[in-house]
Each structure stands twice: as structure tokens, then as C-alpha cells.
Amino acid sequence: LEYKRIPLTYLAWFIAAASVVLTMVISTTLIVRHLDYYENPHTQKYVVRILFMAPIYAVDSLLALTFVGWTTTYIDVFRDCYEAFTIYNFLKLLVVLLGDEKIVISLMAAKPPMPMLFPLCWLEPWEMGAE
């Protein structure tokens with residue numbers, strides 16, 4: 001029998017596909033469990049939105065590995081938009097967990113201003129508060 005070697009690109013694609021399937025199974029299970037036990041909608045809606053980040057990144061990576069060239073630009077734009085949406089949802093989750101927006105503003109206003117780190121140390125300290 002003659003042994004035929006599998007090209008490295010095929011091996012990378014199969015490993016990526018298996019990882020995408022595993023990510024989809026784990027993420028879908030976690031998202032469905034959050035939706036089944038939807039007892040705290042004020043926080044869980046943000047958690048579910050954040051949990052969609054893993055499958056989107058996994059599918060994006062597989063598509064970028066499959067379609068090389070200009071098509072990856074369009075795929076990455078969708079991923080970057082969802083990443084910005086996820087960051088927004090994470091910050092909203094933090095605000096909800098800390099109480100309310102007004103409570104967070106009062107907590108921040110009570111803290112003294114901190115000096116900036118290098119290379120921005122020449123700037124004035126930033127006053128925390130509503131503005």
C-alpha cells in the first residue's frame with residue numbers, strides 16, 4: 001500500500017471545522033440553557049448576546065480559511081461590527097449589575113481623579129462624573 005500524505009491546508013481546514021462544530025455545540029447548549037432559565041431578563045439578555053461572540057468568531061475563522069482573498073474583508077466587517085456590539089453589551093451588563101446608570105455615575109464621581117499613565121502623563125487627570 002502506498003501512503004498518501006494529506007496536504008497541510010486540508011489538515012488545517014479539518015481541524016478548524018472540527019473546532020467550529022465543537023464551539024457551536026458548546027455555545028448553543030449554553031445559550032439554550034440561558035434562554036430556558038430566563039429568570040433575570042435584565043442581565044441575561046446581555047449575557048446571551050455576549051455568548052454569540054464565540055460561534056461568530058469560529059465561523060469567521062473557518063470562512064477566512066476557506067475563502068482566501070477579497071471575500072474575507074466582507075466577512076471580517078461583519079465580525080468587527082458584532083465585536084463592537086458585544087463590547088457595548090458588556091458595558092451595559094456592567095451598568096445593570098452595578099445598579100443603574102445614575103448609580104454608576106455617582107460611584108465614579110466619588111472617586112478621586114487618577115493621573116494618566118505614560119505616554120499620556122502630561123495630560124491633566126480626568127475628572128470622573130456625568131460629563
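**Entry 1: the Arg79 salt bridges**

I began with Arg79, which forms a salt bridge with Asp60, their closest N and O atoms being 3.1 Å apart. I count a salt bridge when a side-chain nitrogen of Lys or Arg is within 4 Å of a carboxyl oxygen of Asp or Glu. Arg79 sits in helix α4 (residues 71–98) and Asp60 in helix α3 (residues 53–66), so this pair ties together parts that are 19 residues apart in sequence. My helices (H or I, at least four residues) are DSSP runs, numbered from the N terminus.

A note on the source before going on: this is a predicted model, where local features need pLDDT of at least 70 and side-chain atom pairs count only at pLDDT 80 or more, while totals for chains, interfaces and linings use all residues. Residues are numbered from 1 along each chain as its sequence is written, and side-chain values use heavy atoms, with hydrogens and water left out.

Next I asked myself: are Arg79 and Asp60 buried or exposed? Arg79 counts as buried at 18% relative accessibility, and Asp60 counts as buried at 6%. Here buried means under 20% relative accessible area, exposed means over 50%, and partly exposed is in between (1.4 Å probe, protein chains only).

I looked up Asp76, whose side chain meets that of Arg79 in a salt bridge at 3.7 Å, N to O. Both residues lie in helix α4, three residues apart, which is about one turn of the helix. With a relative accessible area of 24%, Asp76 is partly exposed.

Then came Asp80, with a salt bridge to Arg79 at 3.0 Å, N to O. Asp80 is partly exposed too, its relative accessible area being 37%. Through shared partners, the salt bridges join Asp60, Asp76, Arg79 and Asp80 into one network.

**Entry 2: the nonpolar core**

I turned to the largest nonpolar core and found five residues: Ala16, Ala17, Val20, Ala58 and Leu62. Such a core is a set of buried Ala, Val, Leu, Ile, Met, Phe, Trp, Tyr and Cys residues joined through side-chain atoms within 4.5 Å. Helices α1 and α3 are the elements that give two or more residues to this core, and α1 has the largest share, with three.

I checked Leu62 as well: leaving aside neighbours within four places in sequence, Leu62 is in contact (heavy atoms within 4.5 Å) with Trp13, Ala16, Ala17 and Val20.

**Entry 3: Ser27**

Ser27 is in helix α1 and counts as buried, at 9% relative accessibility. Which residues does Ser27 contact, leaving aside neighbours within four places in sequence? They are Leu51, Ala54 and Pro55.

**Entry 4: the nonpolar surface patch**

Last, I noted a nonpolar surface patch of about 850 Å², made by Ile6, Leu8, Tyr10, Leu11, Trp13, Phe14, Ile15 and Leu65. Patch residues have over 30% relative accessible area and no salt bridge; like charges are joined within 9 Å, and nonpolar side chains (Val, Leu, Ile, Met, Phe, Trp, Tyr) within 5 Å. The areas come from the Shrake-Rupley method with a 1.4 Å probe, and for residues only the protein chains shown count as cover.

Helix α1 (residues 8–36) gives the patch its largest share, six residues. I picked out Leu11, which lies in helix α1 and is partly exposed, with a relative accessible area of 41%.
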